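Biologist: Could you take a close look at how the helices pack in this model, and then walk me through the ring pairs as well? I would enjoy one connected account.

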Amino acid sequence: MKKIFPLFASLLFCFSLGLPATDACGAQTRKTEQAQPKAASAQKNAATTKKSPGASQKTSGSSRKAKKKSSAPATPPGGKTSRKVTNVPIPVNYQGRLDFRRSLQIDLSNGADWMLKHQSLQGVGDIAFDLGPSYVSGVLRLEAGVLPEAVARDSLRSLREQLQDLKPKTAYDVEIDLRNYETPEAVAAHMRAVASLVPAETWLLGGVSGIWQTRPGFFDAAKAEARAQGRRLGVMLFYGSPVPPGVDFAVISGLDGEEETRRQIAIIRRDNQALPILVQLSEDSFAAEDGNGYSFVHKKTPAERRMLIMDLAKLQSEPGVYLLYPLFGPEYPAGRAYDSTRDEFMLDTIRRMMEKYNK
């Protein structure tokens with residue numbers, strides 16, 4: 001009776017005013033009905049909280065995941081990050097087997113500048129976390145003799161921290177170009193100085209094609225230093241270039257399309273049956289400027305880029321061949337990295353291809 005009386009009184013009031021029941025009366029009735037379950041719900045929640053004081057300490061897997069991702073600095077590099085990252089040790093004498101099954105290209109910094117204009121470090125980590133990479137390339141690309149600044153170092157460390165619970169054995173590389181050094185000793189000295197600052201398992205050498213035969217001392221110095229550090233060594237190769245001895249993997253360009261890339265792989269396989277091969281989509285700056293040659297960002301439409309990714313992903317049906325998915329990269333224009341999240345349906349394409357070929 002206590003619940004019915006207010007409703008009856010409100011109906012009499014509305015009829016006395018001559019208002020339609022679907023207007024004021026309906027609104028008043030709904031408010032009264034909604035207030036009752038809300039009060040009951042509040043009492044139930046209060047009782048539950050009082051009954052189980054330790055319930056808030058229980059965390060589901062998804063909550064742990066969200067908490068982990070939110071721990072990274074929210075401020076993008078280019079300024080100071082919100083906190084220092086100190087709990088990720090620099091890997092020494094890395095003996096683990098490199099796993100390229102889920103490889104991502106993430107160009108964060110050239111050692112000084114943040115290369116993703118529309119992304120924060122937190123956003124990059126969130127997207128990478130969802131894809132679960134086993135290998136990350138391009139986080140640091142350094143000019144000869146240049147040491148990464150504090151912001152660049154913290155970016156790599158923060159990315160590692162965001163991913164370490166999901167993929168604790170994810171490997172990262174630092175890239176240098178042998179063509180930019182004056183002496184072999186300068187190569188080794190630079191690698192030694194960088195290794196003391198940067199937590200990366202792998203050195204990736206650019207400019208190797210031609211140099212290791214014409215000026216073998218440069219490549220030999222880089223290889224010896226990488227081995228002394230206990231880190232792995234990869235080389236970037238031009239089309240048809242022979243593989244230097246004693247490397248752990250090779251990186252080739254996939255810009256020429258599926259069939260030409262298959263030919264490159266066949267050339268490497270003649271003398272290197274078991275060598276892992278990564279297919280990368282780099283940007284040919286000269287081609288982009290003069291209109292000749294191949295270009296991933298400048299000369300292709302979004303649909304053409306997605307089609308190329310789907311074609312190159314098929315190459316992974318061959319053992320030991322892996323696609324380095326262009327999540328954030330290549331670099332184009334200078335100082336800025338390509339962003340797959342802003343390229344129509346590219347991120348969805350990457351997800352689908354990884355689900356199909358890279359489980």
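Modeller: Happy to! An angle under 35 degrees between two axes counts as roughly parallel. Please keep in mind that this is a predicted model. Helix α6 (residues 184–195) packs against helix α8 (residues 216–229) at an angle of about 25°, and their axes are 8 Å apart. The two helices, α6 and α8, are therefore roughly parallel to each other, and their crossing is right-handed. On the α6 side, the contact is made by Pro184, Val187, Ala188, Met191, Arg192 and Ala195. Facing them in α8 are Gly217, Phe218, Ala221, Ala222, Glu225, Ala226 and Gln229.

Another helix worth a visit is α4 (residues 121–131), which is mostly covered, with nine of its eleven residues buried. The buried residues are Leu121, Gln122, Gly123, Val124, Gly125, Ile127, Ala128, Phe129 and Leu131. After α4 comes glycine 132, and its phi is positive, near 60°.

Now to the rings. The structure holds five aromatic pairs. One of them joins phenylalanine 100 and phenylalanine 249 in a tilted arrangement, with 5.0 Å from centre to centre and 55° between the planes. Phenylalanine 100 sits in the loop between α3 (61–69) and β1 (103–106), while phenylalanine 249 belongs to strand β6 (residues 249–253), so this pair ties together parts that are 149 residues apart in sequence. Both partners are buried: phenylalanine 100 has 3% relative accessibility, and phenylalanine 249 has 0%.

A second example is the pair of phenylalanine 296 and tyrosine 338, which is edge-to-face because the ring planes stand at 80°, with the centres 5.4 Å apart. Here phenylalanine 296 comes from the loop between α10 (285–290) and α11 (302–313) and tyrosine 338 from strand β9 (residues 337–339), so the pair connects parts 42 residues apart in sequence. Phenylalanine 296 counts as buried at 0% relative accessibility, and tyrosine 338 counts as buried at 6%.

Finally, back to the pair we began with: Phe100 and Phe249 also belong to a cluster, in which ring pairs link them with Tyr135 and Tyr322.

Notes
Residues numbered from 1 in each chain as written. Predicted model: local features only at pLDDT ≥ 70, side-chain atom pairs only at ≥ 80, totals over all residues. Heavy atoms only, no water. Axes fitted to C-alpha atoms, helices over the stretch in contact; angles between N-to-C directions. Helix = DSSP H or I, 4+ residues; strand = E, 2+ residues; numbered from the N terminus. Parallel < 35°, antiparallel > 145°, perpendicular 65-115°, else oblique. Left-handed = near helix turned anticlockwise from the far one by under 90°. Contact = heavy atoms within 4.5 Å. Phe/Tyr/Trp six-rings, centres within 6.5 Å; stacked < 30°, edge-to-face > 60°. Buried < 20%, exposed > 50% of the residue type's maximum accessible area, 1.4 Å probe, protein only.
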